[in-house]
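Me: Could you take a close look at one part of this chain for me? I would like to see how a single residue sits in its surroundings, and then how the wider chain is laid out.

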Amino acid sequence: MIIERVRLQQLKVAYKAPFETSFGRSEEKDFILVSVYGDGAIGYGESVAMSHPVYNEETSGTVWYMLENFLIPKLFASDVTEPEDVSRLFAPIRRNYMAKAAIEEAVWDLHCKQQGISLASRLGGVKQTIDVGVSIGIEATVEQVLQNVERFLAEGYKKIKVKIKPGFDIQVIEAIRKRFGSDVPLMADANSAYTLEQADLLKELDSYGLMMIEQPLAHDDIIDHAKLQKQLKTPICLDESIHSAEDARKAIELGSCKIINIKLGRVGGHAESKKIHDVCERHGIPVWCGGMLEMGVGRAHNIALTSLSNFTIPGDTSASSRYWEQDIVEPSVAFIAPGMLAVPAGDGIGYEVNERNVRNYVVREAEWTSR
Ligand SMILES: O=C(O)CCC(=O)c1ccccc1C(=O)O
Ligand SMILES: [Mg+2]
């Protein structure tokens, strides 16, 4: 395929409201938008690295560095025929999954636009619509969390995920169950805030009928998660621990989880996401698409991926309005029915990027041309 030019833009955009997890509070999105040009088309990818290396080791700065010095030169020096070639091309470079994913996604989008097909269909998607949930951050009080739950339930979200941390866990879940009842599809995400020594506390969660608990233990662990899963009725879902289909296979073999959250950025892009999806499907492990507070390009990629068959649990891809006053895509990501998004049938990601909106947020920009 023809790849002529790559543009990187770093954008900073304020969230409607700060978002807090067990690893900290974020008020502003800081990310790299990747545009890949070829044959009159533009493919887009969005890096999900955060401004600080707290979810994983990457940041917008490391993503820019890796793209400029290693990934873009490698892409220009090679013949890419199919988008699957990109992840093979990047395989000798260790980790840096978010940097790889950002440009890999853009190449998938470009390829599909050049071919006149939708990204979802090229990935092997089978769904025309997807059900989505919402992720709710830690707040100063339990009452504030309850107000957010109420608002998002009223909007129709089909899964409520709440962030927990030691000292802000059982009481939050208990209060949600008390106020909204036992039918609300509810889960908790700990972002690695606990250790196996706190198993007794985590076992208390079993009495609240949660769909799952996400990544309770260390970000790089699958051993202790296996020990914990043996003691818990609640299914464990792994997020941070899974970077590849091999990681997924090992976690499944060990019994470290019963569900896996797939994030494009965490695993290096669409090709690896699909492999993880397939390994999980073969083992009867359902998956759902995680979120990293994306703007529209990232959301569009998530939607296409979620159209695959084994994404049977509502993911974190909320509507643009969850976080943004004004998104960078048109139309913005919006429900077609409560809690439901359409999988676009248009070329590539199926959303247009509004370059004027992008301009409002750019703090750094550079371009490289293939020769
Ligand atoms: O709404 C979203 O995009 C999901 C937000 C979320 O839960 C999250 C946001 C930032 C970093 C990690 C996570 C996570 O899923 O663990
Ligand atoms: Mg998570």
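Reply: Happy to! Strands here are DSSP runs of E with at least two residues, numbered from the N terminus. In this predicted model, T129 belongs to strand β4, which covers residues 129–131.

Leaving aside residues up to four places away in sequence, T129 touches I336, M340, L341, A342 and V343. Take M340 from that group: 211 residues separate M340 from T129 along the chain, yet their C-alpha atoms are 6.6 Å apart.

Now for the wider setting. The domain assignment puts residues 121–342 in domain 2, while domain 1 is made of 5–116 + 353–364. Between the C-alpha centres of the two domains there are 22 Å. Domain 1 brings 31 residues to the contact and domain 2 brings 32.

On the side of domain 1 that touches domain 2, the elements giving two or more residues are the strands β1 (5–21), β2 (24–38) and β3 (41–46), together with the helices α2 (84–90), α3 (97–115) and α13 (355–361). Helix α3 supplies the largest share of that side, with 8 residues. By residue type, this side of domain 1 divides into 15 nonpolar, 8 polar and 8 charged residues.

Notes
Residues are numbered from 1 along each chain as its sequence is written. Chains are lettered from A and ligands numbered from 1 in the order in which they are written. This is a predicted model: local features need pLDDT of at least 70, side-chain atom pairs count only at pLDDT 80 or more; totals for chains, interfaces and linings use all residues. Helices (H or I, at least four residues) and strands (E, at least two) are DSSP runs, numbered from the N terminus. Two residues are in contact if their C-beta atoms, placed from the backbone, lie within 7 Å. Domain bounds come from an automatic or database domain assignment. Ala, Val, Leu, Ile, Met, Phe, Trp, Tyr, Cys and Pro count as nonpolar, Asp, Glu, Lys and Arg as charged, and the others, Gly among them, as polar.
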